[in-house]
Amino acid sequence: MMIKPLDQAVGSIEAMKAVFARDMKVAFRQRQDLLNPLLFFMMVVTLFPLGVSPEISFLQEAGAGILWVAALLSVLLSLDHLFRHDFDDGTLEQLVLQPQPLFLLVLAKTMAHWVLTGLPLVLLTPVLGVMVHLDGNSIAILCLTLLIGTPVLSLIGAIGAALTLGLRSAGVLLSLLIIPLYIPVLIFGTGTVAAAAEGAPVGAYLALLGAFLVLALTLAPFASAAALKVSLSNS
Amino acid sequence: MAFDSFGAFLAMEGHGPYVWASYGVFFVLMAVLMVGSYRRRNAVLQSCRQHAGSRSSRAPKPDSDTAPATAASFTRVDVSQD
Amino acid sequence: MSEPLLQAINLQCERDKRELFHDLSFSILPATVTRVEGANGSGKTTLLRILAGLSDAWAGQLLWCGEPRSRVRESFLRNVLYLGHRPGIKPLLSPLENLRALMAGRRPMGNKALMQALARTGLAGYEQVPCRHLSAGQQRRVALARLLVADEPLWLLDEVFTAIDASGVVAIENLLQERAAEGGAVVFTTHHNVQIAGTKRLVLTPGAVGYDD
Amino acid sequence: MWPFFHKLGSPKWFYGIATRLMPWLLVLGLLCLGAGLVWGLAFAPKDYLQGNSYRIIFIHVPSAFLAQSIYIMMASAAVVTLVWRMKLADVFVKATAPVGLVLTFISLFTGAVWGKPTWGTWWIWDARLTSMLILLFLYGGVIALDRAINDEKSAARAVAILVLVGVVNIPIIKYSVDWWNTLHQPATFKLTEKPSMPAEMWVPLLLSVIGLYLLFGWLACLRMQTEILIREQRTRWVQDLFHVNEGVR
């Protein structure tokens with residue numbers, strides 16, 4: 001009996017769904033880990049009234065920036081785990097060896113990461129927004145910018161996570177590589193809220209943030225996939 | 001010449017410290033970079049030369065240092081010998 | 001004579017300025033079992049990772065069914081099953097969930113077949129237990145359960161016998177032998193004393209490489 | 001096309017060319033830079049608005065200019081590394097990144113010092129200075145990643161990916177920083193933007209820009225030679241290099 005070479009049996013979308021579902025399942029088996037970035041987010045925000053000033057006028061002016069910086073740092077903190085556990089237990093090797101375009105699988109993993117970290121941050125923002133005395137309109141705009149901005153943070157961050165995989169002091173190195181790349185998102189995220197506070201129309205700024213998201217969605221998974229291959233080859 | 005005297009040139013109408021500090025840092029850093037790179041290349045050249053010299057005099061076969069060492073025996077070591 | 005599945009021509013590999021092997025040429029034919037041999041550090045794992053497509057640290061040519069491998073990447077990956085040192089098992093998921101996730105991108109199948117495969121690796125009753133509660137040997141068995149449902153023509157198995165008990169080793173020997181009889185190709189490394197009739201040997205020694213049939 | 005590329009990528013070929021080119025680059029570079037700086041410092045007329053502090057322009061602008069172009073050159077080399085796996089390309093990236101870092105620092109430092117007499121403060125969050133600061137971070141990241149990865153080939157490819165991601169981001173960063181600047185700051189006059197610069201000012205400026213580029217060429221050749229020697233130590237041609245030399249002596 002002879003075995004013939006096989007043809008593709010599974011569509012890429014199916015494979016992406018499976019990767020996404022597995023990551024969600026693993027995350028919900030260890031629910032307490034999901035709370036860590038949220039707690040970190042709240043703590044960083046708390047530091048500002050304590051460290052600078054609890055005055056309402058200061059908090060109103062700086063609030064959006066504080067929340068954005070805190071959200072950015074929490075995403076950064078969670079990125080180290082994006083590929084690390086998979087790398088350690090060998091599932092990452094099997095992921096790379098799946099007969100699928102790797103960038104799609106990486107995209108699925110990144111989307112799972114956003115649903116598990118970025119999205120909860122956005123949902124928590126109204127509460128913290130009230131605590132730093134932002135008005136209702138600003139909170140709404142802030143949530144909207146975070147909703148568009150945090151996926152960009154996850155997508156760009158995945159590149160850094162893939163590049164630093166398996167290195168000593170990967171966490172610090174990851175921050176060094178990624179923070180400069182986060183600056184445009186931060187600027188437009190907080191700038192949009194500031195513009196809204198002055199009564200300026202924000203449609204154009206939101207569209208620009210959307211353009212960042214589209215750009216990151218189309219380019220970042222390729223870079224992450226290439227970086228993953230390099231890191232795995234080196235291990 | 002845009003200045004009347006050497007003193008005026010150094011003073012630059014009060015802006016001297018800023019101008020000279022900038023040029024100073026520029027020259028020092030460039031010099032460090034250039035001299036450092038030059039020295040490093042020469043050091044590497046030197047080590048390559050020694051490497052080549054020892055190779056040609058001692059080892060006829062270039063791969064001799066990758067040859068397998070003696071087989072592992074895992075016998076216990078006599079520590080009383082020294 | 002059948003066409004080779006995988007063909008290596010003048011394979012060369014250097015890691016950290018040390019050459020592991022060079023001018024390594026061989027063919028993996030269907031219906032063969034090949035054992036890669038060599039001392040610790042001779043590059044067995046590296047060779048298998050190169051063949052699987054995980055490592056880029058090589059030069060030379062690799063042909064899959066006569067075509068350069070880089071040109072047919074996805075079809076190549078569909079046809080090769082690689083099991084490495086790290087079993088690829090998520091400690092938080094159960095054996096069944098792990099197996100399903102591993103098969104999802106290649107050939108999804110129903111729970112019945114997967115349960116059966118797990119039972120035949122000696123994991124009956126453990127299907128729903130998170131893998132972190134299993135022993136190292138049991139976790140390895142979860143990974144090996146894939147072999148019972150795998151249809152890939154080429155298997156690359158790196159140290160699969162690690163942490164497996166004596167009776168398990170015999171069972172896996174039989175499995176590999178049957179697989180070759182069906183027409184599949186198996187390349188494996190092990191430090192165990194494994195007896196599979198008709199095994200070809202690929203010996204890696206520093207600087208020189210021997211391949212005999 | 002292919003044989004040409006092959007030759008271009010050969011470290012041995014480059015080593016020879018660099019040896020022949022370097023004296024010229026060094027002498028011409030020092031001449032141009034020296035002429036430009038002496039002219040700019042001592043002979044160019046003083047600026048009617050900023051006085052003599054503007055003379056910092058003759059080092060600030062060339063170093064800022066070069067710092068940015070080095071990153072672009074690195075990105076081009078990164079493409080070559082990833083697509084054609086040419087050894088020389090990643091040697092270039094590894095050898096020039098520290099030079100880019102130093103030049104970025106020089107341009108930041110001179111910009112800050114220039115700011116003191118002009119704006120009355122050492123640091124202003126001006127769009128140009130902020131962009132340069134971010135460029136400094138990008139260089140820092142590239143060098144840190146390169147140092148962190150032990151394996152040469154992996155380091156080369158990882159760094160190439162990072163440099164490319166960075167170069168896609170640079171225009172976005174620049175644009176967003178400019179926008180942020182207009183949002184937060186009333187328009188101040190920019191350090192280096194002149195409505196029209198008389199020839200006595202821009203000719204020395206041009207000379208020092210050219211001079212610094214030539215010196216960079218020399219530095220790049222020198223540092224690439226070092227890197228090549230380290231990597232190819234064991235190859236025949238490097239060893240032959242010394243036997244031939246000894247034969248001549």
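Visitor: In which hand does α2(A) pass α3(A), right-handed or left-handed?
Guide: This is a predicted model. In chain A, the axes of helix α2 (residues 31–51) and helix α3 (residues 56–79) come within 9 Å. They cross at roughly 145°. The crossing of α2(A) past α3(A) is right-handed.

Visitor: Which residues in α2(A) meet those in α3(A)?
Guide: On the α3(A) side are A:L59, A:A62, A:I66, A:L67, A:A70, A:A71, A:L73, A:S74, A:L77 and A:S78. Facing them in α2(A) are A:P37, A:F40, A:F41, A:V44, A:V45, A:F48 and A:P49.

Visitor: How many nonpolar residues are in the contact of α2(A) with α3(A)?
Guide: Start with the other classes. No charged residue takes part in the contact of α2(A) with α3(A).

Visitor: How many helices does chain A have?
Guide: The elements of chain A run α-α-α-α-α-α-α-α-α from the N terminus on. Chain A has zero strands. Its helices come to nine.

Visitor: What radius of gyration does chain A have?
Guide: The C-alpha trace of chain A spans about 80 × 35 × 30 Å along its principal axes. For 235 residues, a compact globule would have a radius of gyration near 18 Å. The value for chain A agrees with that: 19 Å.

Visitor: What share of the contacts in chain A join residues at least 24 apart?
Guide: First, the burial: buried residues make up 51% of the 235 residues in chain A. Next, take contacts in chain A between residues at least 6 apart in sequence. Of these, the share joining residues at least 24 apart is 81%.

Visitor: Which chains have the most contacts between them?
Guide: Five pairs of chains touch. Chain A and chain B have no contact, and their closest C-alpha atoms lie 22 Å apart. Among the pairs that touch, the most contacts are between chains A and C.

Visitor: Which elements give two or more residues to the side of chain C that touches chain A?
Guide: The contact joins 35 residues of chain C to 27 residues of chain A. The elements of chain C that give two or more residues to its side are α2 (73–79) and α3 (95–104).

Visitor: Which helix gives the largest share of the side of chain B that touches chain D?
Guide: Chain B brings 29 residues to this contact, and chain D brings 32 residues. By class, the side of chain B has 19 nonpolar, five polar and five charged residues. The largest share of that side is 22 residues, from helix α2 (residues 16–58) of chain B.

Visitor: What is phi of C:E159 near?
Guide: C:E159 is found in the loop between β7 (154–158) and α6 (166–182) of chain C. C:E159 counts as partly exposed because 18 C-beta neighbours lie inside 10 Å. C:E159 is a residue other than glycine, yet its phi is positive, near 55°.

Terms used:
Residues numbered from 1 in each chain as written. Chains lettered and ligands numbered in written order. Predicted model: local features only at pLDDT ≥ 70, side-chain atom pairs only at ≥ 80, totals over all residues. Contact = placed C-beta atoms within 7 Å. Helix = DSSP H or I, 4+ residues; strand = E, 2+ residues; numbered from the N terminus. Nonpolar A, V, L, I, M, F, W, Y, C, P; charged D, E, K, R; others polar. Axes fitted to C-alpha atoms, helices over the stretch in contact; angles between N-to-C directions. Left-handed = near helix turned anticlockwise from the far one by under 90°. Rg over C-alpha atoms; globule rule 2.2 N^0.38 Å. Buried ≥ 20, exposed ≤ 12 C-beta atoms within 10 Å, placed from the backbone.
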